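Me: Got a model open here and a few things to check. Can you go through it with me?

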Amino acid sequence: MSVRLKLTLSYAGFLMLAGVLLLAAVWLFLLRYVPNRAMLINPDDRPTGVFPIRSVLLDVFAPRAAAVLAFLLVFGLVGGWILAGRMLAPLTRITHATRMATNGSLSHRIRLPGHKDEFRELADAFDTMLVRLEAHVAEQRRFAANASHELRTPLAISKSLLDVARTDPNRDTGELIDRLHAVNTRAIDLTEALLLLSRAEQRSFTREPVDLSLLAEEATETLLPLAEKRGVTIETGGDVTPTSGSQALLLQLTMNLVHNAIVHNLPEQGTVWVTTRVRSTSVVLTVENTGDQVTPQLASTLTEAFQRGTERTHTDHAGVGLGLAIVKTITQAHDGTLTLTPRSGGGIRITVELPAMSPHTDR
């Protein structure tokens with residue numbers, strides 16, 4: 001049976017039950033006090049009207065009571081059907097929107113009018129889900145298109161180099177091998193970055209105690225030669241910052257932040273600040289650097305996959321364009337927040353805030 005039919009039968013059943021209870025109350029509190037035999041009356045009393053007895057009242061009352069119950073049944077069925085239809089009308093709109101979403105149309109919205117009730121809350125929650133789902137699908141499509149483009153580029157370059165080597169046997173093979181090695185390395189880096197991004201999105205990792213301050217020191221020591229080569233000074237400091245998550249992913253997050261801060265810095269005399277601090281319920285890792293002026297509009301797009309600034313494309317450490325996208329995904333996978341803020345003197349400040357873990361937690 002449909003929900004509407006079930007509600008209709010429920011309405012009619014409750015109405016019939018109320019009628020039966022009312023008739024039972026009439027019988028218990030009224031008719032049982034009526035005598036079942038005629039009473040002898042003194043002729044001198046001269047009664048007015050007719051003195052009823054129980055059997056006569058039952059003969060008169062029973063057919064009319066049955067008629068009333070029949071009317072209540074019909075009224076309950078018809079009225080219940082109408083009321084159930086009006087009550088379930090919002091569900092029809094929600095079902096229609098669900099079917100459209102199933103068929104791939106995510107732009108449709110329910111926008112249920114009326115007062116704030118359970119159906120309105122359900123419809124609003126469904127609309128919010130559609131908005132997020134539509135944005136996620138659009139981001140995934142954009143990411144797939146960009147990834148295909150980025151992967152196609154090194155493959156096309158490799159094919160061109162191989163064609164040159166085949167058509168020109170006298171060409172210096174050492175140069176071709178070096179270029180093929182560089183292109184192949186870039187393709188491998190891109191593939192590994194895509195796999196890391198997918199792993200972080202799926203949250204397929206085991207949580208364990210992690211100290212962000214130790215990861216910041218490790219990333220700084222690892223990338224110190226690159227900083228010295230580019231004339232960048234790294235300054236570190238802060239508190240012990242215990243959290244929980246994947247140590248490998250959080251180390252990758254820290255490495256990406258420090259690497260970006262070094263590469264996208266001033267040509268000479270640049271500085272990178274890496275700090276950690278503890279708040280009441282969270283731990284914070286902040287990486288900021290000097291550099292060119294960054295507009296708020298550009299800062300808001302830097303976490304998108306394959307987003308590169310002008311300077312990033314022309315450096316020898318430009319990467320594959322997934323550094324901050326990976327940082328954003330790892331942060332979200334650890335239930336944290338990522339904030340990018342342009343510095344007034346140039347450069348950018350990137351803040352990662354993760355849930356704190358008590359240092360006394362059992363390991």
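Me: Which way does α6 pass α9?
Reply: α6 passes α9 in a left-handed crossing, that is, the near helix is turned anticlockwise from the far one by less than a right angle. This is a predicted model, where local features need pLDDT of at least 70, side-chain atom pairs count only at pLDDT 80 or more, and totals for chains, interfaces and linings use all residues. Residues are numbered from 1 along each chain as its sequence is written, and side-chain values use heavy atoms, without hydrogens and water.

Me: At what angle do they pack, and how far apart are the axes?
Reply: Helix α6 (residues 247–263) and helix α9 (residues 323–333) pack at about 145°, with axes 9 Å apart. Axes are lines fitted to C-alpha atoms over the stretch in contact, and angles run from 0 to 180 degrees between N-to-C directions. Helices are DSSP runs (H or I, at least four residues), numbered from the N terminus.

Me: What sort of residues make the contact?
Reply: Eight nonpolar, five polar and no charged. Ala, Val, Leu, Ile, Met, Phe, Trp, Tyr, Cys and Pro count as nonpolar, Asp, Glu, Lys and Arg as charged, and the others, Gly among them, as polar. α6 contributes residues including Leu253 and Asn256, and α9 residues including Ile326 and Val327 (contact is heavy atoms within 4.5 Å).

Me: New topic. How many salt bridges in the whole structure?
Reply: Nine, each a side-chain nitrogen of Lys or Arg within 4 Å of a carboxyl oxygen of Asp or Glu.

Key
Helix = DSSP H or I, 4+ residues; strand = E, 2+ residues; numbered from the N terminus.
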